[in-house]
Amino acid sequence: MSRRSNWNVRYGYETGLFILVSVFDILRTHRVLQSGKFSESNPLARWFIDHWGYDGMIGFKMILVAVVVMLTQAIARHRPAVARGLLRLATAVTAVVVIYSLLLLLQSRGYV
């Protein structure tokens with residue numbers, strides 16, 4: 001007899017997009033910090049970098065991604081519209097950070 005799970009991923013597209021943009025954030029942040037011209041402005045993220053290097057930064061950011069995904073999935077069980085809105089907001093905020101870090105990198109190289 002097989003057990004059927006009650007756990008279904010809600011808003012798979014929005015969740016996947018948030019995870020994808022978050023991966024871009026990690027890659028872009030790594031590249032900007034590796035340039036040596038910038039430092040991490042988030043004190044908590046900087047603490048992780050200072051203690052565990054880039055692996056710490058990746059771990060910190062992935063923990064944040066996991067927390068957002070788990071919270072929105074839990075919220076979606078009772079308030080689906082709120083969960084979808086939170087995922088969209090988290091994706092938009094993360095995308096702004098990605099664009100900003102890309103602009104910083106381009107500016108440091110004299111392209112902007």
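## Around Thr-91

Thr-91 touches Glu-14, Leu-17, Phe-18 and Val-21, leaving out residues up to four places away in sequence; a contact here means heavy atoms within 4.5 Å. This is a predicted model, so local features need pLDDT of at least 70 and side-chain atom pairs count only at pLDDT 80 or more, while totals for chains, interfaces and linings use all residues. Residues are numbered from 1 along each chain as its sequence is written, and side-chain values use heavy atoms, with hydrogens and water left out.

Thr-91 sits in helix H3. Helices are DSSP runs of H or I with at least four residues, strands are E runs of at least two, and both are numbered from the N terminus. With a relative accessible area of 11%, Thr-91 is buried (buried is under 20% relative accessible area, exposed is over 50% and partly exposed is in between, using a 1.4 Å probe and protein chains only).

## The nonpolar core

The largest nonpolar core has 5 residues: Phe-18, Val-65, Val-69, Leu-87 and Ala-90. For the term itself, think of buried Ala, Val, Leu, Ile, Met, Phe, Trp, Tyr and Cys residues joined through side-chain atoms within 4.5 Å. As background, nonpolar side chains tend to be buried together in soluble globular proteins.

Within this set, Val-65 touches Phe-18, along with Ile-19 and Ser-22, again not counting residues up to four places away in sequence. Ser-22 also gives a distance to Leu-64: the two are 42 residues apart in sequence and 9.5 Å apart in space, C-alpha to C-alpha. Leu-64 lies in helix H2 and is partly exposed at 43% relative accessibility.

## The largest pocket

The largest pocket holds about 630 Å³ of space. On a 1 Å grid over the protein atoms alone, a pocket is an open set of points where a 1.4 Å probe fits, with protein on both sides within 12 Å along at least five of seven lines, and lining residues have an atom within 4 Å of a point. Points are joined across faces, edges and corners, and the volume is the space filled by probe spheres set on them.

There are 25 lining residues, and the closest to the pocket's centre are Asp-25, Thr-29, Glu-40, Lys-61 and Val-97. Helix H1 (12-34), H2 and H3 each supply at least two residues of the lining. By class, the lining has 15 nonpolar, 7 polar and 3 charged residues, where Ala, Val, Leu, Ile, Met, Phe, Trp, Tyr, Cys and Pro count as nonpolar, Asp, Glu, Lys and Arg as charged, and the others, Gly among them, as polar.

## Aromatics

There are 4 aromatic pairs. One of them is Trp-47 with Trp-52, edge-to-face at 5.3 Å centre to centre and 80° between the planes. Phe-48 and Trp-52 make a tilted pair, at 5.6 Å and 40°. Rings of Phe, Tyr and Trp (its six-membered ring) pair if their centres lie within 6.5 Å; planes under 30 degrees apart are stacked, over 60 edge-to-face, and the rest tilted. Phe-48 and Trp-52 are separated by about one helical turn because they are 4 residues apart in helix H2. Trp-47, Phe-48, Trp-52 and Phe-60 form one aromatic cluster.

Tyr-54 lies in helix H2 and is partly exposed at 31% relative accessible area. Leaving aside neighbours within four places in sequence, Tyr-54 contacts His-30, Leu-33 and Gln-34. Tyr-11 lies in the segment before H1 and has a positive phi of about 55° although it is not a glycine.
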